[in-house]
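The sequence and the model come before the text.

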Amino acid sequence: ASATSALTLTKSAPAQVAYPAATLTQVANGTTLFVNDTTQLTVGQYVSVGGSAVLVSAITGNTITVGAPVSAASGTSVIGGVTYALTNQNTGTATATSVTLTDTLPAGVTFVAASNGGTLAGGTVTWNLGDLDPGTGGSVQVTVIPGGVGTLINNASITCGACSGPTPASATTAAGGLRVTKRTTTPTAAAGGTATYIIDVENTSGSTISSVTVTDTLASGFSYASTTS
């Protein structure tokens with residue numbers, strides 16, 4: 001009888017993130033931040049504001065609450081973090097011994113956090129997972145802050161003491177892209193009058209985006225008057 005270990009590794013990440021995710025509309029001096037847009041932010045996400053990486057704990061309207069005080073000027077960029085999830089499993093019939101998982105961070109990013117005891121050294125995050133019995137596995141995460149617009153290619157690999165070689169996995173994220181915000185110059189309008197909405201479309205990537213189409217669905221009770229573009 002014979003048995004062998006076989007490690008698998010998959011990696012997931014968002015295909016695209018806005019860069020920056022938002023901009024401060026007021027001076028920041030605490031844990032409450034006023035921004036121009038929150039559609040690209042989520043609760044539980046790390047953001048970088050003025051060089052400080054903080055966790056978003058709440059979002060209300062165009063206000064975000066973060067887990068630590070931030071000091072930054074109005075107009076400062078709010079850069080959203082990118083989280084990579086790495087899932088591993090031993091699909092073989094023997095225990096995989098001394099399993100090591102490594103993740104090489106893309107150039108230019110800033111390391112923020114790694115789950116399950118991952119440690120950073122020389123641009124690489126390492127997890128020592130010990131022994132994995134057949135059919136067992138797990139998942140870890142690593143979060144980084146992009147240093148600018150462009151393509152982030154994140155490579156990882158997993159190996160064990162008796163494995164023939166490392167098992168690789170990679171994920172690609174585009175930092176920058178189309179960012180859409182909507183505002184009104186008539187927050188109060190009387191029946192029979194007009195309401196004006198302004199849709200701002202910004203290309204935050206470093207290259208041209210072709211065939212862009214903008215659509216707007218009128219609210220119930222409104223009728224179309226005119227469009228300027």
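## Basis

A pocket is found on a 1 Å grid over the protein atoms alone, as an open set of points where a 1.4 Å probe fits, with protein on both sides within 12 Å along at least five of seven lines; lining residues have an atom within 4 Å of a point. Grid points are joined across faces, edges and corners, and a volume is the space filled by probe spheres set on the points.

The model is predicted: local features need pLDDT of at least 70 and side-chain atom pairs pLDDT 80 or more, while totals for chains, interfaces and linings use all residues. Residues are numbered from 1 along each chain as its sequence is written, and side-chain values use heavy atoms, without hydrogens and water.

## Largest pocket

The largest pocket holds about 880 Å³ of space. Its lining has 29 residues, with Ala195, Tyr197, Asp216, Leu218 and Ser226 nearest the centre. Strand S18 (residues 197-203) contributes the most, four residues; strands (E, at least two residues) are DSSP runs numbered from the N terminus.

By class, 15 lining residues are nonpolar, twelve polar and two charged. Ala, Val, Leu, Ile, Met, Phe, Trp, Tyr, Cys and Pro count as nonpolar, Asp, Glu, Lys and Arg as charged, and the others, Gly among them, as polar.

## Sheet

Six strands form an open sheet in the order S2-S16-S15-S10-S13-S12, with mixed pairing; two strands pair if DSSP finds at least two bridges between them. S2 and strand S12 (119-121) are the edge strands, each pairing on one side only.

Strand S10 (residues 96-104) and strand S15 (residues 150-159) are antiparallel and share five bridges. Aspartate 103 has alanine 156 in S15 as its bridge partner.
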